[in-house]
Amino acid sequence: MTSDSGRERILDVATRLFAEHGYDGTSTRLIAEAAGLNIATVAYHTGGKRDLYLAVMERAHRAEHAALAAALADLTPDAAGVIALVDRYIDFCAAHPEITALWMHRWLSDASDIADIEQRYVKPLMDAVVRAVGDAVGEDADVEYVAWTVVWCTHGFGRGGVLRGDGLRHRMDDPAALARFRANLHRLVLAGLNLDARAAL
């Protein structure tokens with residue numbers, strides 16, 4: 001196992017476990033066992049638990065930043081462009097549920113002693129979205145809160161889903177539930193930004 005492959009293997013396992021159990025609920029020993037390695041090997045490749053968590057969050061941020069940068073580059077300053085941006089974000093979260101889970105754990109004060117991650121990673125992305133979307137809407141729209149509403153709703157649906165008559169939670173892996181969620185979020189965003197729904201078609 002090369003150093004690079006070993007590190008990626010550990011990061012993959014750590015990402016899954018931090019997403020499932022949070023930082024506070026995941027031990028280095030658990031990560032090592034799940035990766036089929038000993039603690040010393042994990043430490044050699046990634047450092048201690050805090051270092052490993054920071055590496056996981058940085059890797060998650062890089063993936064999210066790349067997806068968002070591409071979506072913003074394609075953004076047109078109109079209703080259709082805004083809805084396309086929302087859809088790109090939903091698609092990213094659907095493809096990377098582990099990243100949604102990592103952030104939701106932090107919302108619940110997981111890893112509270114590592115306090116600057118939101119400032120480093122979340123704020124610059126949110127600022128970029130607010131600036132870009134602001135060009136498409138009037139001054140009376142609260143773009144920042146609409147953007148946060150997209151994040152809150154998408155993460156909540158991705159993790160909690162919708163409880164249906166069958167007693168099961170239907171999430172992003174259910175095409176029908178995802179389509180309904182997407183349509184509902186479109187309506188929320190268009191109303192929140194005072195955009196004409198017909199112009200988004």
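In the predicted model, a side-chain oxygen of Asn 38 lies within 3.2 Å of the backbone nitrogen of Ala 40 at the start of helix H3. This helix spans residues 39-46, and its buried residues include Val 42, His 45 and Thr 46. Because these three cover an arc of only 75 degrees around the axis, they fall on the same side of H3. The face turned away from that buried side carries Ala 40 and Tyr 44, both exposed. H3 is followed by Gly 47, which has a positive phi, near 85 degrees.

The aromatic pairs come to a count of 6. For Tyr 145 and Trp 152, the ring centres are 6.2 Å apart and the planes stand at 85 degrees; with planes over 60 degrees apart counting as edge-to-face, the pair is therefore edge-to-face. Trp 152 is partly exposed, its relative accessible area being 42%. The rings of Phe 157 and Phe 181, in turn, have centres 4.4 Å apart and planes at 5 degrees, so this pair is stacked. It links distant parts of the chain, since Phe 157 belongs to helix H8 (residues 143-160) and Phe 181 to helix H9 (residues 175-192), 24 residues apart. Phe 157 counts as buried at 5% relative accessibility, and Phe 181 is likewise buried, with a relative accessible area of 11%.

Ring pairs also join Phe 18, Tyr 23 and Tyr 53 into a cluster. Over the ring of Tyr 23 sits the charged end of Lys 49, 4.3 Å from the ring centre. A further charge–ring arrangement involves Arg 120, which lies over the face of Tyr 121 at 5.1 Å from the ring centre.

Notes: Residues are numbered from 1 along each chain as its sequence is written. This is a predicted model: local features need pLDDT of at least 70, side-chain atom pairs count only at pLDDT 80 or more; totals for chains, interfaces and linings use all residues. Side-chain values use heavy atoms; hydrogens and water are left out. Buried means under 20% relative accessible area, exposed over 50%, partly exposed in between (1.4 Å probe, protein chains only). Helices (H or I, at least four residues) and strands (E, at least two) are DSSP runs, numbered from the N terminus. The arc is that of the directions from the helix axis to the C-beta atoms. A polar contact is a pair of N or O atoms within 3.5 Å; within protein, one must be able to donate a hydrogen and the other to accept it, and residues adjacent in sequence count only if both atoms are side-chain atoms. Rings of Phe, Tyr and Trp (its six-membered ring) pair if their centres lie within 6.5 Å; planes under 30 degrees apart count as stacked, over 60 as edge-to-face and the rest as tilted. A charge sits over a ring if NZ of Lys or CZ of Arg is within 6 Å of the ring centre and within 35 degrees of the ring normal.
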